[in-house]
Amino acid sequence: MGKAEATIAYQVPGEQLPLLSPPPPSAPYLSQEEVVQQARAAPWKGLRTALLCLVAALFACMLATALALLLKMHRPAPPLSWWQKAAFYHLPSTSFPDSNGDRHGDLEGVRRLLDRLVELPVQALVLGPVLEGDGANLSSVCSSHGSLEKLQALVADGHKKGIRVLLELPTWAETLDLVTEGNRTGLHLKRALQFWQTQGVNGFLVAKDPLWRLDAVLDAWSELESHRGMDQGEERVLMVWDQSGTCNISRHAPSTVILACNLPGRESHLTAGVLAQRIAAALEHPGGAWPGWTVAGGLPLSLDLEEMLAVLLFSLPGTPLLQGGVGSPVPLGNSRKPDTNGHPLTALYHSLLQLHANSLALQGAGFTPVPLANHSEDVFAFVRPGACSGILVALNLDSQPCHLNLSQPSFPNRARVVFSTRPERQSDVKMEEVRLAPHQALLLRVPSEIGP
């Protein structure tokens with residue numbers, strides 16, 4: 001072996017590489033500067049911009065979709081205050097029971113009727129005027145009705161039984177020196193309201209007229225509410241009773257004010273149009289007051305019309321104010337039997353009070369009119385929405401029977417009867433064929449929303 005032998009090769013199927021030959025040259029690597037230059041060169045710069053724009057557009061679409069879903073979601077309403085859910089009972093001072101035989105109604109006689117209010121059930125008692133004082137300084141109790149101690153006992157017992165007590169403010173003499181006495185009247189009135197609140201009184205009732213007195217009361221109430229802290233106990237309320245039929249206040253009112261309006265029927269013919277106007281005035285009032293309703297006394301109406309007003313009192317959005325005293329359909333006698341006092345509507349009012357107390361849909365201010373093209377004046381219908389279900393109220397204001405088609409896209413074919421002023425042979429009705437007798441009111445259980 002004198003000569004160098006040839007390179008030994010290993011035959012691998014498909015290729016032949018010398019085992020001792022040098023490795024093939026490796027690919028060159030880019031430096032950091034070269035990478036940056038390549039990234040900045042076309043087309044990478046345009047592609048990167050396009051990708052960023054696409055991501056931004058997708059994020060914007062997702063955000064818009066989320067916002068749209070949030071807007072469409074049913075958001076629960078804030079919890080109602082006690083006075084927004086309660087039924088109020090107004091007892092004139094001339095109808096106070098006489099507890100000691102001196103022929104003058106007194107606060108002790110009223111205290112003995114608290115159990116009767118609980119039975120109804122009523123959650124707030126409004127006492128007729130029992131205050132007196134020097135002008136607006138209404139800081140004492142009229143001696144003919146009792147004493148401060150008797151009022152304190154009435155308020156304390158009422159609270160134990162779940163009854164709030166409000167005081168009706170009397171009318172005091174108007175001074176001629178409006179500039180000088182105006183500030184003094186406001187100061188006295190504010191001090192009086194503060195004093196009675198410290199005694200546990202839950203609020204006050206004031207008539208809308210005369211307007212100068214209403215302005216003074218609203219000024220004092222607004223100042224008290226503006227300084228009221230979150231830790232000052234249960235919320236108080238001021239009820240303004242508008243007996244004029246206009247159902248409005250000419251100024252802004254705090255959120256703790258109820259505007260109680262007389263239901264139409266005594267001063268005008270009761271039609272669907274008249275009802276719609278009165279309700280719109282109460283619900284769309286720009287002053288911020290909470291709606292309330294009452295059936296005013298006066299000339300007796302037909303029994304059918306009185307039934308319609310009773311149903312409206314407890315089914316319209318807002319706070320019902322029952323009128324007690326002589327001729328009241330809900331007198332506060334000692335009898336526990338509603339049919340022994342001689343008033344034909346006592347049993348109806350008892351049923352409606354129970355329905356209002358036990359139905360969340362009839363509390364609050366939710367209200368949706370139901371259009372009825374063929375019965376625009378003789379039938380009035382609306383829905384009171386609730387958390388889980390609503391109540392459809394239909395009233396035939398005419399002296400003739402009617403047939404209604406109350407079907408809606410979101411309603412079932414049949415609905416359960418909740419209440420009726422006429423005996424119903426069935427527990428549910430077909431929504432396309434609802435029959436109403438003359439002057440009949442019918443309440444049906446339906447979904448909360450009207451729509452597809």
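Colleague: How many aromatic pairs does the structure hold?

Modeller: The structure, which is a predicted model, holds eight aromatic pairs. One of them is formed by Phe 195 and Trp 196.

Colleague: What makes the pair of Phe 195 and Trp 196 edge-to-face?

Modeller: The ring centres of Phe 195 and Trp 196 are 4.8 Å apart and the planes are at 70°.

Colleague: What makes Phe 204 and Trp 221 an edge-to-face pair, and how do you know that the pair links distant parts of the chain?

Modeller: The rings of Phe 204 and Trp 221 are 6.2 Å centre to centre, with 80° between the planes, so the distance is within 6.5 Å and the angle is over 60 degrees. As for the chain, Phe 204 is in strand β8 (residues 203–207) while Trp 221 is in helix α8, and the two are 17 residues apart. Phe 204 counts as buried at 0% relative accessibility, and Trp 221 is also buried, at 0%.

Colleague: What does the same reasoning give for helix α6?

Modeller: The 13 residues of helix α6 (residues 148–160) should span 18 Å, and the end C-alpha atoms are 18 Å apart, so there is agreement. Among the buried residues of α6 are Leu 151 and Leu 154, and just after this helix Gly 162 takes a positive phi of about 85°.

Colleague: Which residues touch the most other members of the largest nonpolar core?

Modeller: They are Leu 127 and Leu 395, in a core of 87 residues, to which helix α10 (residues 303–315) gives the most, with eight residues. Leaving out residues up to four places away in sequence, Leu 127 touches, among others, Leu 151 and Leu 154. Another core, of 20 residues, lies apart from it and includes Val 379 and Leu 444.

Colleague: Why is Ser 315 called buried, and what is it in contact with?

Modeller: The relative accessible area of Ser 315 is 1%, and because this is under 20%, Ser 315 is buried. Ser 315, whose place is in helix α10, is in contact with Leu 362, Phe 382, Arg 384 and Val 393, leaving aside neighbours within four places in sequence. Phe 382 also forms an aromatic cluster with Phe 367 and Phe 380.

Colleague: What makes β13 and β18 edge strands?

Modeller: The open sheet has six strands, in the order β13-β14-β15-β20-β17-β18, with antiparallel pairing, and β13 (368–369) and β18 (428–430) each pair on one side only. Further in, β15 (residues 390–396) and β20 (residues 441–446) pair over six bridges; two strands need at least two bridges to pair, so this pairing qualifies. Within it, Leu 395 has Ala 441 of β20 as its bridge partner.

Conventions. Residues are numbered from 1 along each chain as its sequence is written. This is a predicted model: local features need pLDDT of at least 70, side-chain atom pairs count only at pLDDT 80 or more; totals for chains, interfaces and linings use all residues. Side-chain values use heavy atoms; hydrogens and water are left out. Helices (H or I, at least four residues) and strands (E, at least two) are DSSP runs, numbered from the N terminus. A nonpolar core is a set of buried Ala, Val, Leu, Ile, Met, Phe, Trp, Tyr and Cys residues joined through side-chain atoms within 4.5 Å. Buried means under 20% relative accessible area, exposed over 50%, partly exposed in between (1.4 Å probe, protein chains only). Contact means heavy atoms within 4.5 Å. Rings of Phe, Tyr and Trp (its six-membered ring) pair if their centres lie within 6.5 Å; planes under 30 degrees apart count as stacked, over 60 as edge-to-face and the rest as tilted. The expected span of a helix is 1.5 Å times one less than its number of residues.
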